[in-house]
There are 2 protein chains.
Amino acid sequence: MSRRSGILEFAVLGLLRESPMHGYELRKRLNTSLGIFRAFSYGTLYPCLKTLVANGWLIEEPGSAPEDALAASLAGRRAKIVYRLTAEGKEHFEELLSHTGPDAWEDEHFAARFAFFGQTEREVRMRVLEGRRSRLEERLEKMRASLARTRERLDDYTLELQRHGMESVEREVRWLNELIESERAGRDQRRSGPGSPAEQEGTSGEADGLPRHRDAASSGGTPPGHPGPPDPSADTTK
Amino acid sequence: MSRRSGILEFAVLGLLRESPMHGYELRKRLNTSLGIFRAFSYGTLYPCLKTLVANGWLIEEPGSAPEDALAASLAGRRAKIVYRLTAEGKEHFEELLSHTGPDAWEDEHFAARFAFFGQTEREVRMRVLEGRRSRLEERLEKMRASLARTRERLDDYTLELQRHGMESVEREVRWLNELIESERAGRDQRRSGPGSPAEQEGTSGEADGLPRHRDAASSGGTPPGHPGPPDPSADTTK
DNA sequence: GTTTTCATGTAACCCGTTACATGATTCA
DNA sequence: TGAATCATGTAACGGGTTACATGAAAAC
């Protein structure tokens, strides 16, 4: 349950909502723009697209055959297939966007949800952020308890590992706190009455109330060469 | 490749090196002491134990039948099975401990390796830490590049997600730096000549040179109740 | 005395990757 | 013209979880 493939469907719909694309590019975007998800393989992506089409959420369109559009229409030429979101697809995606069930704040789900916050209503954003936070606090509580129980029996390295793990979670909680605060501030600023219209900011919209951080590309370039051994396993695609 | 189950085998051998245990307890330790790995199910653990036995690395011993040891020996009574590391098993584990191949610094592998640093030679520890660090720096480089390429096209939330992701990695790099520094300092302190004997500190040993952090259980107890919705999916076991 | 927790196991299933097959387009 | 990249697909395989079956010990 809580199928990982659900995340894929969601992300695909979300990306296609912005603009039609073919599978190959879709996959790239899945890794870069939404850098979070570790790459899905084509063996997963294409079948997924198929089912989305079968559900009527996407339609396949003949891709731009840039060189000779004529030849393309002749023999069973395999051309680019561009996927476009249908009206039902859009509707479905919007529904997914509004869900706030418990899985919305599981690690990978959460990242996917967050990536599309720009198209999510503020109220939903709040619920997801708060859900995630309480999920993490729960986890922290467990870690603390378990640590308290076993502390003396653990050697220094295990302890250090534990410590670092907890600190990571604490850090994410603080991050969420900032985000939640900003969301709240954003709402307060606008004094939105009960009937205020849902936001309508396109892709380029200024999502309100994000905490202003020092520039996204923080610390400077790589300080040249640690002696660390090179890692040949760089390429994901090949 | 880089099978996740390899991690299991490694961790099992490592835990059993400290003391014999039965499967059930083993699994608990896998989640708590080495809190890192997300739980393996019994469906994975028991078969794994079987193969380890088949390899001659473990032997099954009749568990302590505390109440009536007599009855146990009678009818095919299914008793606790305690697994104990054999000499070959120990040897094998020690060999695994000394490996420093590229997979030693993949996320989950690394955590497992680190968890047993107390039994790892300092030189190997260094190589693993440095390998991990360069792996992460590589990753950072990619993230920076991809971010630079797509920056303007991304909305604020996606950007924020990216930023937070990068910061997490940067944070781990800093952590590794501290650890490496400590390891180095530890070695320097001891002025170990070329022929210095391998360390021989038991489970309780003071692993040298860990950076001293404010107490492991950082920040205070849970500030009572955020309004966040409760999450019924707490229990892993059931 | 019945519910929980401890304890061991297996088989079916789900899901994603790997590896392969195929072909178009671009670049050297 | 041949290599690299773009592009779409599928079948087999691997590996881990879920769900189930079974039963002892402890707690209530």
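This is a predicted model: local features need pLDDT of at least 70, side-chain atom pairs count only at pLDDT 80 or more; totals for chains, interfaces and linings use all residues.
User: What is the secondary structure of chain A, and in which order do its elements run?

Analyst: Chain A comes to 8 helices and 3 strands. Starting at the N terminus, the order of elements is α-β-α-α-β-α-β-α-α-α-α.

User: Why is α1(A) called roughly parallel to α6(A)?

Analyst: Helix α1 (residues 4-18) of chain A packs against helix α6 (residues 107-115) of chain A at an angle of about 5 degrees. Angles under 35 degrees count as roughly parallel, and therefore α1(A) is described as roughly parallel to α6(A). The axes of these two helices lie 10 Å apart.

User: Which residues make the contact between α1(A) and α6(A), and what is its make-up by class?

Analyst: From α1(A), the contact is made by A:Arg4, A:Ile7 and A:Phe10. From α6(A), A:Glu108, A:His109, A:Ala112 and A:Arg113 take part. By class, the contact has 3 nonpolar, 1 polar and 3 charged residues.

User: What makes α1(A) largely enclosed by the rest of the structure?

Analyst: Buried means under 20% relative accessible area. Of the 15 residues of α1(A), 11 are buried, so the helix is largely enclosed by the rest of the structure. The buried residues include A:Ile7 and A:Phe10, both of which also belong to the contact with α6(A). Others among the buried residues are A:Gly6, A:Leu8, A:Glu9 and A:Gly14. For chain A as a whole, 44% of the 238 residues count as buried.

User: How does the span of α1(A) compare with the one expected at 1.5 Å a residue?

Analyst: With 15 residues, α1(A) reaches 22 Å from its first C-alpha to its last, which is close to the expected 21 Å.

User: Why are β1 and β2 of chain A called edge strands?

Analyst: The 3 strands of chain A form an open sheet in the order β1-β3-β2, with antiparallel pairing. The strands β1 (21-22) and β2 (58-62) each pair on one side only, and they are the edge strands.

User: Why is A:His99 called partly exposed?

Analyst: The class lies between the limits of 20% and 50%. A:His99 has a relative accessibility of 40%, so it counts as partly exposed. This residue is found in the loop between α5 (87-98) and α6 of chain A.

User: Which residues does A:His99 touch beyond four places away in sequence?

Analyst: A:His99 touches A:Arg113 and A:Val124. A:Arg113 also takes part in the contact of α6(A) with α1(A). A:His99 and A:Val128, 29 residues apart in sequence, are 9.0 Å apart in space, C-alpha to C-alpha.

Conventions: Residues are numbered from 1 along each chain as its sequence is written. Chains are lettered from A and ligands numbered from 1 in the order in which they are written. Side-chain values use heavy atoms; hydrogens and water are left out. Axes are lines fitted to C-alpha atoms, for helices over the stretch in contact, and angles run from 0 to 180 degrees between N-to-C directions. Helices (H or I, at least four residues) and strands (E, at least two) are DSSP runs, numbered from the N terminus. Angles under 35 degrees count as roughly parallel, over 145 as roughly antiparallel, 65 to 115 as roughly perpendicular and the rest as oblique. Contact means heavy atoms within 4.5 Å. Ala, Val, Leu, Ile, Met, Phe, Trp, Tyr, Cys and Pro count as nonpolar, Asp, Glu, Lys and Arg as charged, and the others, Gly among them, as polar. Two strands pair if DSSP finds at least two bridges between them. The expected span of a helix is 1.5 Å times one less than its number of residues. Buried means under 20% relative accessible area, exposed over 50%, partly exposed in between (1.4 Å probe, protein chains only).
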